[in-house]
Structures are given as structure tokens and as C-alpha cells.
Amino acid sequence: MAKLSEVATAMGIVIDKFVNTPVKNQLDRQKLELEIVKLESKIKDSQPEEEAEDNFMDALNAVADDVWEDSQEKE
């Protein structure tokens, strides 16, 4: 008959292999995924952003030109 300590050791091995290892692997995978997200964010932040077109200034300049021309014609 197996001793209680041998049974406990065998149970510990089974628990470690089938319970703790998959959980640890899942946590390791989640940590790696988080690191990937952090690195992707750093890469995105380090790249220069494309300059957005500022249509407001173009429209303002066009209106200013129209107003300027109108005021010159009235004089």
C-alpha cells in the first residue's frame, strides 16, 4: 500500500501538470500579449503623424480674398 506522503506527492505532480501549468501558460501568454500591445503603441507613438489638412485656413483665406477684392472694387 502506498504511503500517504507518496500519494500526496503524486497528487501534487498531477495538480502541477494539469492545473497549475495550463494556468501559468495562460498567464504567460496574456503577459506576452500585453507586452506586444505596449510595443505596438510605442511604435505607433514614435512614427510621425500625417499632417491633417486644415481646410479651415484654406476657407478663411478664400473668404478673405473675396472680401479684399470686394472692398477694393468699391473704392
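These legends go with a set of close-up views of a predicted model.

Residues are numbered from 1 along each chain as its sequence is written. Because the model is predicted, local features need pLDDT of at least 70 and side-chain atom pairs count only at pLDDT 80 or more, while totals for chains, interfaces and linings use all residues; side-chain values use heavy atoms, with hydrogens and water left out.

View 1. Helices (H or I, at least four residues) and strands (E, at least two) are DSSP runs, numbered from the N terminus. Of the 75 residues here, 0% are buried; buried means under 20% relative accessible area, exposed means over 50%, and partly exposed is in between (1.4 Å probe, protein chains only).

**View 2. A nonpolar patch sits on the surface.** Its members are V7, M11, V14, I15, F18, V19, V23 and L27, and together they have about 710 Å² of accessible area. To get into a patch, a residue needs over 30% relative accessible area and no salt bridge; like charges are joined within 9 Å, nonpolar side chains (Val, Leu, Ile, Met, Phe, Trp, Tyr) within 5 Å. Take V19: you'll find V19 in helix α1 (residues 4–46), and at 44% relative accessibility V19 counts as partly exposed.

**View 3. K24 and D28 pair up in a salt bridge.** A salt bridge here is a side-chain nitrogen of Lys or Arg within 4 Å of a carboxyl oxygen of Asp or Glu. Side chains of opposite charge can pair when their charged atoms come close. For K24 and D28, the closest N and O atoms are 3.0 Å apart. The two residues are four apart in helix α1, so about one helical turn separates K24 from D28. D28 is partly exposed, at 28% relative accessibility.

**View 4. R29 and E33 form another of the three salt bridges in the structure.** Their closest N and O atoms are 3.4 Å apart. Again, about one helical turn lies between E33 and R29, because they are four residues apart in helix α1. E33 has a relative accessible area of 42% and is partly exposed; R29, at 45%, is partly exposed too.

**View 5. E35 and K38 meet through their side chains in a salt bridge.** The N to O distance is 3.6 Å. E35 and K38 are three residues apart in helix α1, so they're separated by about one helical turn. E35 is partly exposed at 41%, and K38 is partly exposed at 42%.

Conventions: Accessible areas come from the Shrake-Rupley method with a 1.4 Å probe; for residues, only the protein chains shown count as cover.
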